[in-house]
Amino acid sequence: VQLQASGGGLVQDGGSLRLSCAASGRTFSGYSLSWFRQASGKDREFVAAIEWSNGRTYYADLVKGRFTISREIAKVTVSLQMFSLKPEDTAIYYCAAGPYFSRSYKSMAYWGRGTQVTVSS
């Protein structure tokens with residue numbers, strides 16, 4: 001299984017970025033695909049998730065209303081549209097997949113390499 005994340009970069013406070021995760025190597029029916037992030041010196045934390053089969057979405061309170069997770073079934077891609085970015089959103093963002101929805105990174109079965117998001121003040 002491969003999860004290829006892309007789209008990170010440097011953006012100013014209040015700006016927007018779109019992250020994408022291209023998934024391959026298995027069928028993800030029944031799986032939940034998630035975004036986690038890890039800031040320097042902090043634990044990895046849940047950001048958002050989407051259930052592949054029915055599109056149900058979940059968000060961390062810190063990003064609710066600012067971030068939107070979506071999926072493109074034909075392309076087997078999950079995206080994270082981020083608006084109103086803040087310096088505290090600066091982190092490495094990881095795409096992950098697990099057999100059920102969980103806010104715990106320990107429940108994820110597959111991980112992609114991270115992509116850096118830096119929000120300058």
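Mentor: Let us begin with the pairing of β3 and strand β8, residues 77–82, which run antiparallel to each other and are joined over 6 bridges. Please keep in mind that this is a predicted model. Within this pairing, alanine 22 stands opposite threonine 77 of β8.

The two strands belong to an open sheet of 4 strands, arranged in the order β1-β3-β8-β7 with antiparallel pairing. At the edges of the sheet lie β1 (2–6) and β7 (67–72), each of which pairs on one side only. On average, neighbouring strands of this sheet are turned by 15 degrees against each other, direction ignored.

Strand β3 also carries one end of a covalent link. The structure holds 1 disulfide, formed by cysteine 21 and cysteine 95, whose sulfur atoms are 2.0 Å apart. The pair links distant parts of the chain: cysteine 21 lies in strand β3 (residues 17–24) and cysteine 95 in strand β9 (residues 91–98), 74 residues apart. The angle about the S-S bond is -80 degrees, and the link of cysteine 21 and cysteine 95 is left-handed. Both cysteine 21 and cysteine 95 are buried.

Notes
Residues numbered from 1 in each chain as written. Predicted model: local features only at pLDDT ≥ 70, side-chain atom pairs only at ≥ 80, totals over all residues. Heavy atoms only, no water. Disulfide = S-S within 2.5 Å. Buried < 20%, exposed > 50% of the residue type's maximum accessible area, 1.4 Å probe, protein only. Pairing = 2+ DSSP bridges. Axes fitted to C-alpha atoms, helices over the stretch in contact; angles between N-to-C directions.
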